Amino acid sequence: MNFENILIASENGIGQITINRPSKLNALNVATIKELHDGLESLNNNPEIKVIIITGEGEKAFVAGADISEFAHFTVDQGAQLAQQGQELLFNFIENLNTPVIAAVNGFALGGGLELAMACHIRIASDNAKMGLPEVSLGVIPGYGGTQRLPQLVGKGRAMEMIMTAGMITAEEAYRTGLVNHVVPQAELLDFTKSLAQRIMKNSPVAIGKAIESVNANFTDGVNGFDSEIINFGKCFGTGDFIEGTTAFLEKRKADFKGN
Ligand code: COA
């Protein structure tokens, strides 16, 4: 696959996607959104890849938002279509991947950039990162899931304040409010993220995929999360990973999960 706006690498079971438009602070144009979808799909379909990391090129920005130059002249219908296509192709797609996706937020994560990080399963920020949803300062609202996922992560009141002020918060504030799981010095961001990925990779990929599905069920309209948990819990008993995990425990050895 040839990509113009992203870089893909994989090593030791970790797939890394780097958004690579540093001269535009990695702003998400439509082409980049499509490439991210395709890159994530190919990593998710690769059984060797156990965890995916998304980051931005350079030391300044993760992603400084949707590419404003692309939608500045859109009509009402085009605006709605932009949000719908982006949500389906990238943001909901990431959230529902059964491979864990970690955002390594290496600088500005604004608008669509913060929405991208929030669609990932886990967020780690570098100490220089700044996060916000500045859309109302442009006369628009977050369109890639920000009005839904920010309240889920930080609570309704804090989300309302961030959205209405259009302001930025520091990595430390993001940590305090639960928006990111960890804050680390920028130079250590990727190593730290990879070490977290390695801890995840020791566990059953099948069980992790089902856990993601059941956690997400709590936030999905018309789906009962407890029912999803019961069904997925039962399904685990029919997997090779469950046999391996329980057998390894009883034999006092480390499990060697095959992901089946
Ligand atoms: N869409 C399109 N281009 C963007 C962009 C975006 N969201 N964010 C940054 N860029 C471009 C700038 O236009 C500039 O391009 P140019 O050199 O061709 O003029 C380049 O990236 C560098 O940005 P610049 O604004 O010069 O950097 P800065 O350090 O002065 O400011 C920010 C950094 C993040 C504060 C500022 O770029 C910004 O406010 N960006 C928009 C954030 C936003 O509103 N995002 C939500 C979009 S819905």
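In this predicted model, the ligand is surrounded by 15 residues. The closest include K24, K60, A64, A66 and I68. By class, the shell holds nine nonpolar residues, four charged residues and two polar ones.

A polar backbone atom of A66 lies 2.9 Å from a nitrogen atom of the ligand. For I68, a polar backbone atom is 3.0 Å from a ligand nitrogen. S23 faces an oxygen atom of the ligand instead, with a backbone N or O atom at 3.5 Å. The ligand taken alone exposes 860 Å². Of that area, the protein buries 59%.

Attention now turns to the helices. Two packed helices are described by the distance between their axes and the angle between them. Helix α3 spans residues 76-95, and helix α4 spans residues 112-119. Their axes come within 8 Å and cross at roughly 30 degrees. On the α3 side, the contact is made by L90, F91, I94 and E95. On the α4 side, G112, E115, L116 and A119 take part. The residues of this contact divide into five nonpolar, two charged and one polar.

F91 also takes part in an aromatic pair. Across the whole structure, three aromatic pairs are found. One of them joins F91 and Y144. Their ring centres are 4.5 Å apart, with 15 degrees between the planes. The pair counts as stacked, because planes under 30 degrees apart fall in that class. F91 belongs to helix α3, whereas Y144 sits in the loop between β8 (130-132) and α5 (146-154). The pair therefore ties together parts that are 53 residues apart in sequence.

Methods:
Residues numbered from 1 in each chain as written. Predicted model: local features only at pLDDT ≥ 70, side-chain atom pairs only at ≥ 80, totals over all residues. Heavy atoms only, no water. Near = heavy atom within 4 Å. Polar contact = N/O pair within 3.5 Å; in protein donor to acceptor, adjacent residues only side chain to side chain. Areas by Shrake-Rupley, 256 points an atom, 1.4 Å probe, with all protein chains shown as cover. Nonpolar A, V, L, I, M, F, W, Y, C, P; charged D, E, K, R; others polar. Axes fitted to C-alpha atoms, helices over the stretch in contact; angles between N-to-C directions. Helix = DSSP H or I, 4+ residues; strand = E, 2+ residues; numbered from the N terminus. Contact = heavy atoms within 4.5 Å. Phe/Tyr/Trp six-rings, centres within 6.5 Å; stacked < 30°, edge-to-face > 60°.
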